[in-house]
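Colleague: I'd like to learn how to read a model like this one. Could you take me through it feature by feature?

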Amino acid sequence: MAEFLSPLLNLFPEGLRELILILIQIMLIVLPLVIAVAYTTYAERKIIGYMQVRIGPNRVGPLGLFQPFADVFKLMFKEIIIPSAANKFIFFTAPVIILFAALVAWAVVPFDDGWVVADVNAGLLYVLAVGAAGVYGVILAGWASNSKYALLGGLRSAAHKIAYELAMGFALVGVLMASQSLNLQDIVRAQSGSIVHWYWLPLLPMFVVYFISGVAETNRAPFDIAEGESEIVAGFHVEYSGMGFVLFMLAEYASMILISALTAIMFLGGWLSPFQGTFLESAFAWIPGIIWMFAKIAVLLFLFIWFRATFPRYRYDQIMRLGWKVLIPVTLVWIVVEGVAVYFKLGPWFA
Amino acid sequence: MLENYLPVLVFFVVALGFSLVMLLTGFILAPRRPDKEKDSPYECGFAAFEDSRMKFDVRFYLVAILFIIFDLEIAFLFPWAVVLDEIGGFGLVAMGLFLLILVIGFIYEWKKGALEWE
């Protein structure tokens with residue numbers, strides 16, 4: 001990257017070059033991410049359409065491909081209603097916090113060997129920390145709207161988010177025990193070998209728990225009680241319109257993609273080729289790692305959409321029961337099992 | 001070591017700027033025609049009959065407390081998990097005891113019904 005851009009970078013004084021390089025890298029993540037978010041909404045409508053034997057958006061542009069842009073431009077020109085009873089400052093801080101939290105976690109996500117903006121040693125902790133910051137946005141949005149639906153939606157959403165965050169944290173402890181590193185790149189490297197060395201198999205319960213918690217964390221169906229459109233209309237963001245609403249949508253889909261990326265990194269070998277260690281390895285060696293990474297993210301995103309088309313919504317008490325009484329005990333048991341396995345060097349997976 | 005965090009800081013600034021600019025475009029481009037009825041709290045068409053700054057269920061508080069306890073537990077588990085290979089059997093047993101104490105607390109809250117929602 002630095003060599004490739006060196007003629008351009010030489011235009012800038014010595015001290016600024018690094019900063020410019022970082023900014024370019026960040027733009028290379030944020031702008032494609034926004035486009036990916038736009039097309040995830042399109043893909044969602046299209047896929048759910050096909051699953052329900054209809055076509056989905058197909059009028060705006062060829063195959064409906066301009067639909068997400070039409071939506072964004074429409075929302076840009078929509079009035080931003082400021083509820084008279086709302087606390088104005090907090091009302092507009094909340095969506096900014098949520099989108100901020102959904103974006104900054106991408107700083108430590110590696111797309112290929114060395115392709116990461118910030119190669120931080122405590123990457124996993126960082127991801128957990130900024131992931132948790134989104135809960136502030138939800139609570140503040142619900143409270144500041146000064147509407148009963150929003151308040152209840154915000155409380156419900158925050159309570160179930162933190163419950164599933166625990167399950168996620170415990171699942172990550174399992175990944176840590178296997179990889180012995182908090183650095184996301186090291187975690188992917190520790191999975192090299194073959195497809196059975198990826199942590200999805202040795203840590204199968206953790207993988208399942210992590211992905212289910214991820215779906216719940218992002219308020220996606222079947223865990224979308226926070227915005228349950230038929231009960232509390234739209235939950236914590238019921239009072240938001242226009243661009244305020246766009247920020248919430250953007251954050252939701254960006255964190256969906258983030259959860260998919262993190263699941264791919266921690267359980268599905270990140271940028272590693274699935275043919276590693278088999279006779280097909282050399283035949284597929286020409287495919288760059290980033291393509292594998294994107295393919296894994298796409299498959300996991302498809303699962304998100306598939307869940308939405310398939311499952312009915314959980315009831316709130318069922319959600320809390322699943323989080324506290326099923327997922328957390330499962331991870332606790334697996335931490336003990338894995339601790340013993342690591343100590344006795346059992347199996348081929350725990351070195 | 002710490003200089004690895006410079007990109008994170010820059011990312012913070014960019015993300016914040018991006019979010020604010022997004023919000024700002026809405027304010028610049030969109031019309032603004034306030035109306036008393038339009039700006040009133042949305043309650044499915046009815047007039048709001050009291051303020052939403054109301055009492056809420058104590059169980060949300062309970063969940064938050066439990067979250068703090070278990071999040072602290074995760075904070076203790078992380079460093080242990082990273083060096084598990086080096087600390088050997090003693091470390092394993094020590095964390096086993098710690099987990100056991102927490103599991104006893106967990107069973108207690110389960111039996112007490114702190115996790116029930118009906």
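Modeller: Gladly. Helices and strands here are DSSP runs, at least four residues long for a helix and at least two for a strand, numbered from the N terminus. Keep in mind that this is a predicted model.

Colleague: Which elements does chain A run through from the N terminus on?

Modeller: The order is α-α-α-α-α-α-α-α-α-α-α. In other words, chain A has 11 helices and zero strands.

Colleague: Why can we call chain A as compact as a globular protein of that length?

Modeller: The general idea is to compare the radius of gyration, taken over C-alpha atoms, with the globule rule. For the 351 residues of chain A the rule gives 20 Å, and the radius of gyration is 21 Å, which is close, so chain A is as compact as a globular protein of that length. Along the principal axes, its C-alpha atoms fill a box of roughly 60 × 60 × 45 Å.

Colleague: And what percentage of the residues in chain A are buried?

Modeller: Counting residues under 20% relative accessible area as buried, the share is 59% of the 351 residues. Contacts are worth a look too: of those in chain A between residues at least 6 apart in sequence, 76% join residues at least 24 apart.

Colleague: How do I check a single helix? What should α5 of chain A span?

Modeller: For length, the rule is 1.5 Å times one less than the number of residues. Helix α5 of chain A, residues 123-144, has 22 residues and should therefore span 32 Å; its end C-alpha atoms are 32 Å apart, which agrees. Just after α5(A), Asn146(A) takes a positive phi of about 55°.

Colleague: What lines the second largest cavity?

Modeller: That cavity has a volume of about 40 Å³. Its lining includes Val108(A), Pro110(A), Asp119(A), Gly123(A) and Gln185(A), and the lining residues divide into six nonpolar, three polar and one charged.

Notes. Residues are numbered from 1 along each chain as its sequence is written. Chains are lettered from A and ligands numbered from 1 in the order in which they are written. This is a predicted model: local features need pLDDT of at least 70, side-chain atom pairs count only at pLDDT 80 or more; totals for chains, interfaces and linings use all residues. Side-chain values use heavy atoms; hydrogens and water are left out. On a 1 Å grid over the protein atoms alone, a cavity is a set of points where a 1.4 Å probe fits but cannot get out, and a pocket is an open set with protein on both sides within 12 Å along at least five of seven lines; lining residues have an atom within 4 Å of a point. Grid points are joined across faces, edges and corners, and a volume is the space filled by probe spheres set on the points. Ala, Val, Leu, Ile, Met, Phe, Trp, Tyr, Cys and Pro count as nonpolar, Asp, Glu, Lys and Arg as charged, and the others, Gly among them, as polar. The radius of gyration is taken over C-alpha atoms; the globule rule is 2.2 Å times the number of residues to the power 0.38. Buried means under 20% relative accessible area, exposed over 50%, partly exposed in between (1.4 Å probe, protein chains only). Contact means heavy atoms within 4.5 Å.
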